[in-house]
Amino acid sequence: MDVVPWPDEFADRYRRAGHWLGRPLGELLRHSARKHPDGPAVRGEGLSWSYAELDERSDRLAAGLNELGIRPGDRVVVQLSNVPEFLSLLFALFRLGALPVLGLPAYRSSEVVHLCRSTDAVAYVIPDTDADNGFDYRRLAEEVRLQAPSLRHVLVVGEAGPHIPLSAVDAAPRALPAPRPGDPALLLVSGGTTGLPKLIPRTHDDYFYNLRGSAELCGLDEHSVYLAVLPVGHNFPLACPGVLGTLHAGGTVALSPSPSPDSAFAAIERFGATVTAVVPPLAALWTQAVQWSRADISSLQLIQVGGARLSPDAARLIGPALGCELQQVFGMAEGLLSYTRRGDDQETVVTTQGFPLSPDDEIRIVDEADRDVEPGAVGSLLTRGPYTLRGYYRAPEHNRSAFTADGFYRTGDLVRLTPEGRLVIEGREKDLVNRGGDKVSADELQNHLRAHPAVLDAAVVPVPDAYLGERTCACLLLREGCDQAPDLAAFLHDRGLAAYKIPDVVRIFDAFPLTSVGKVDKRELARAVMARQETPAAGSRTGNPGAETPSR
Ligand code: OOB
């Protein structure tokens, strides 16, 4: 089975509670377009689409995709940045009942081939080039095609080269059978799992609730202008409440081509943005940059910060510097969202991650044996609820360990509850590096590193970083006869790995510390890396300052 449904008793409960309304996501736009046909739905550089226009474009695109042979249930890998076509495409696919598989702009062949192959995708949608760094996605698509035989079409926003321009996929709107609200509407990529990224099926019902509940909680309405600065293929800017929550509320989605303070502040001023979402490093950068910016960002009312730990000290500065309210968001592509509420006092907003979104979010905080910890103690967070997955896509084996027998998802986060029941994120037990919101799976990176001819074994650990929160450290054992730290950046780049996954630090070891059961002791390893950082690089086996042998 590709998808694990909610048991009937839970589905009934979520319907009775009014969380699941039985409406497919394509209707969200139809509804807003009827209510505010002439209202601005999307604004970007030199462009403004009304609701009626976005609605019609989505219908024409759905019909055009249908003519290309794309059918309900088919998977389409979408790797677009923050362009208006992302929205018309998403609604076209929702209306067709085909599933967008949302990739990030930073993905390269390794990630994209995996997305295509693990979903048997029939189409892949890309921009022509990256406006920031000139990267040519059309060449990437050619490479991907060779390795993903299921792909029948590559569609391009912009100059298509050898592929099909998305603008040519256009046909007179036609009646299409409505997808079932309990079926998956889209597939999101998980940040934190073992090995290759797992896919998260989000149903029409559950995702509609996710974005509607979030929009209500954040107070969005038709006057809201949401500025998308993070890549919209990520759950946070997409539906928490993000661009979809804004369209549901009848507000305006403004698209910023880049998250840099210059470009984002200019966009806030130009579009009169009232709300936006950022990761902690970006919040810190904006907080500093605003001091010398001339842009008028006084329209901004709410800044949401999430995706990685926000320190209370950094949090305290954000609201006063940007002249708006701060909201902390703890969330995951798998579902559960926790928000501080608008109007919460300052101490609550800077020191907690708030309450879960839904009254039907069930939270358990447990020890290693899945026993509930004492109130207020730190433990592993388990959750189930009306918008948290019951199983990863096509991953029965992995699902056995990622969920409890009664359907709780093991988030891999270490948390505690305040006496009022607010969540505080204290750490993590899952094996990944959270680089300021970008998740790097240790297992995935280790497998790439072990493929290098000089590498005998690899262990990836986070090291603290003042800006990103964490950076990626690759600890290596080299093969006999190799004593130079290899050029990993070039090697990983050639393997088609996204640039943010390339290790920031490389350390060479003679042996890894082991736990009592013989596994690499990553805590000890991280400590050894830190200890070496604090002393001069004496004892380095290679003379390379980036490659040190720890003293044990
Ligand atoms: C968001 O989603 P993902 O799927 O990229 O990452 C989820 C993981 C969480 O399990 C947690 O480890 C970490 O990212 N995380 C936070 C955090 N928000 C997420 N850790 C500490 N403090 C926070 N505020 O990152 C995501 C999805 C929707 C909304 C917001 C974030």
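Where is P241 found? P241 sits in the loop between α8 (235–239) and α9 (242–249), where helices (H or I, at least four residues) and strands (E, at least two) are DSSP runs, numbered from the N terminus. The model shown in these views is predicted, so that local features need pLDDT of at least 70, side-chain atom pairs count only at pLDDT 80 or more, and totals for chains, interfaces and linings use all residues. Residues are numbered from 1 along each chain as its sequence is written, and side-chain values use heavy atoms, with hydrogens and water left out.

**View 1. Backbone details at P241 and D120.** The peptide bond that joins C240 and P241 is cis, with an omega of about -10 degrees. D120, although it is not a glycine, has a positive phi of about 50 degrees, and its place is in the loop between α5 (109–119) and β5 (123–127).

**View 2. An open sheet of nine strands.** The strands follow the order β2-β1-β11-β10-β12-β13-β14-β15-β16, and their pairing is mixed; two strands pair if DSSP finds at least two bridges between them. At the edges are β2 (47–50) and β16 (355–356), each of which pairs on one side only. Strand β10 (residues 225–228) and strand β12 (residues 275–278) pair in the parallel sense over two bridges, and L227 has T276 in β12 as its bridge partner. Helix α10 (residues 261–271) lies across β1 (40–44), β10 and β11 (252–255), and runs at about 160 degrees to β10. Contact means heavy atoms within 4.5 Å, while axes are lines fitted to C-alpha atoms, for helices over the stretch in contact, and angles run from 0 to 180 degrees between N-to-C directions.

**View 3. An open sheet of four strands.** Here the order is β17-β18-β19-β20, with antiparallel pairing. The edge strands, β17 (362–366) and β20 (423–428), each pair on one side only, and from one strand to the next the twist averages 45 degrees. Strand β18 (residues 379–384) pairs with β19 in the antiparallel sense over four bridges, and S380 stands opposite L414 in β19.

**View 4. The second largest pocket.** This pocket has a volume of about 330 Å³ and is lined by 16 residues, of which G192, T193, T194, H398 and K430 lie nearest its centre. On a 1 Å grid over the protein atoms alone, a pocket is an open set of points where a 1.4 Å probe fits, with protein on both sides within 12 Å along at least five of seven lines, and lining residues have an atom within 4 Å of a point. Grid points are joined across faces, edges and corners, and a volume is the space filled by probe spheres set on the points. Both α14 (396–402) and β19 (409–417) supply at least two residues of the lining, and β19 gives the most, with four residues.

**View 5. Two domains.** The protein is divided into domain 1 (359–430) and domain 2 (432–550), with bounds that come from an automatic or database domain assignment. Taken over C-alpha atoms, the centres of domain 1 and domain 2 are separated by 29 Å.
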